[in-house]
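Please look at the sequence and the structure shown here before reading further.

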Amino acid sequence: MGWLAPDGRLILLTTSLRSFAVGFISVMLALYLRETGLDPVRVGAVLAAVLAGNAFFTTLASLFADHFGRKRSFASLSLLTIIGGALFPLTDSFVLLLLVGGMAGFGLGGKDRAAQSSLEQPVLARSAPAERRTMLFAYYNVIGGLASAVGALSSGTPAILQQFTDIEILDAYRVMFFVYAAVGAVVTVVYLRLSPAAEAPAADGRRVGITLPRRSKGIIYRLSVLGAMDSFGGGFMFQTFLAWWFSLRYDLSLESLAGVFFAANIISSFSAILAAWLAKRIGLINTMVWTHIPANLLVVAMAFSPFVWLTVAMLLLRESMSQMDVPTRQSYTMAVVAPEEHTVAAGMSTLGRQGGQMPAPYISGLLVAASLTSAPLIFGGLIKIVYDLLLWQQFRNVRPPEEQRQRPARALDAER
């Protein structure tokens with residue numbers, strides 16, 4: 001990867017570290033909260049607070065990071081994960097769990113989607129030539145996914161500690177939160193090594209305090225609104241919720257869940273490379289839509305599955321397709337908006353998704369409390385299918401520059 005700039009290499013390192021930490025937190029978070037004695041509604045409320053905090057800090061990053069400095073913003077956000085990870089296991093207060101969870105940057109979907117991610121994307125977009133952009137985002141997601149898979153496998157550590165030592169299960173869970181904070185400390189050091197080239201280009205030769213979309217605002221707003229809808233549906237099927245759901249529906253142990261989500265993240269990771277290959281042939285938007293719909297149909301089917309082995313098989317098949325829209329969406333967004341608006345575009349896209357997710361975990365908690373345990377999967381899958389159809393209708397004719405250049409050549413080949 002000689003074509004990748006040094007800052008791009010550092011970003012790949014930070015995403016691998018953060019995804020590892022998010023991988024084990026996402027599997028064990030709801031189980032830990034249940035172990036502390038919280039009922040399903042309060043568990044859902046804490047998960048919603050985590051998403052609300054992520055959305056708040058993404059808003060700050062989107063509006064002010066280019067002026068404050070991306071490097072300083074990265075480090076500041078990373079410091080919050082250290083503080084939040086260290087404080088979360090030290091309190092039993094429901095109110096403090098809400099507040100600290102909101103600042104800790106926990107990921108619930110098994111993938112890192114915190115505010116740092118919205119800043120990493122524009123740095124990556126400037127770290128490689130345009131023809132390598134989609135493949136770079138594929139590598140970004142593969143590396144993050146593999147690290148998340150290892151993290152998910154590591155979520156079984158509390159059960160192992162309990163089995164071979166005298167430590168109580170709650171204390172074993174708490175150890176993992178301190179590991180999360182330690183990873184945050186390493187990530188902070190790596191962020192501080194970014195060069196001045198990682199900073200945003202000035203718009204019209206100057207920087208403003210608040211960055212708002214101007215040249216590409218129509219595209220950015222539509223992508224953000226649709227992203228919120230997609231993530232509202234996705235909020236019903238977070239990896240955190242799925243781990244909880246498997247535990248409630250099939251009484252799977254933490255060790256079994258660690259193995260299931262390790263496999264799911266491995267499969268999901270390598271699908272990003274296939275997505276880049278497919279996008280070159282059918283286009284970014286088509287890849288995003290036509291791989292996502294069957295993945296969401298599988299989620300709906302999981303809700304009706306009577307056997308745990310069949311449900312796990314459908315989950316793994318779903319993971320082979322469900323994340324193919326991620327690198328293609330990131331690449332598409334960076335391609336169709338003005339360069340000076342990359343940060344606000346990535347930030348608003350991430351923010352829209354985080355904002356859409358917020359109510360879903362709480363609603364899921366209410367449904368579980370009402371003994372409608374599988375209803376969230378049905379709602380989530382159907383909402384995401386509607387999103388796919390709307391995305392295709394809105395953007396099928398908005399092509400990135402590289403597809404516009406390819407189109408005449410393809411047409412000429414067809415005529416021949």
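This is a predicted model: local features need pLDDT of at least 70, side-chain atom pairs count only at pLDDT 80 or more; totals for chains, interfaces and linings use all residues.

Residues are numbered from 1 along each chain as its sequence is written, and side-chain values use heavy atoms, with hydrogens and water left out.

The protein chain contains 18 helices and zero strands. Here helices (H or I, at least four residues) and strands (E, at least two) are DSSP runs, numbered from the N terminus. Along the principal axes, the C-alpha atoms of the protein chain fill a box of roughly 70 × 45 × 35 Å. The radius of gyration of the protein chain is 21 Å, which agrees with the value near 22 Å that a compact globule of 416 residues would have. This radius is taken over C-alpha atoms, and the globule rule is 2.2 Å times the number of residues to the power 0.38.

Of the 416 residues in the protein chain, 58% are buried. Buried means under 20% relative accessible area, exposed means over 50%, and partly exposed lies in between (1.4 Å probe, protein chains only). A contact means heavy atoms within 4.5 Å. Among the contacts in the protein chain with a separation of 6 or more, 86% come from residues 24 or more positions apart.

The packing of helices comes next. The axes of helix α2 (residues 40-68) and helix α3 (residues 70-87) cross at roughly 150 degrees and come within 8 Å. Axes are lines fitted to C-alpha atoms, for helices over the stretch in contact, and angles run from 0 to 180 degrees between N-to-C directions. In this contact, F57, A61, A65, D66 and F68 of α2 meet R70, R72, S73, S76, L77 and L80 of α3. By class, the contact of α2 with α3 has six nonpolar, two polar and three charged residues. For this count, Ala, Val, Leu, Ile, Met, Phe, Trp, Tyr, Cys and Pro are nonpolar, Asp, Glu, Lys and Arg are charged, and the others, Gly among them, are polar.

Helix α6 (residues 133-154) packs against helix α14 (residues 325-336) at an angle of about 140 degrees, with their axes 8 Å apart. The two helices α6 and α14 are therefore oblique to each other. The residues of this contact divide into seven nonpolar, four polar and one charged. Helix α6 also packs with helix α11 (residues 254-282), at an angle of about 175 degrees and with axes 8 Å apart. Helices α6 and α11 are therefore roughly antiparallel to each other. Angles under 35 degrees count as roughly parallel, over 145 as roughly antiparallel, 65 to 115 as roughly perpendicular and the rest as oblique. The contact of α6 with α11 has 17 nonpolar, seven polar and no charged residues.

Is R174 buried or exposed? R174, in helix α8 (residues 169-191), is buried, with a relative accessible area of 17%. Not counting residues up to four places away in sequence, R174 touches Y32, P89 and D92. A181 also lies in helix α8 and is buried, with a relative accessible area of 8%. By contrast, I378 of helix α17 (residues 375-395) is partly exposed, because its relative accessible area is 22%.
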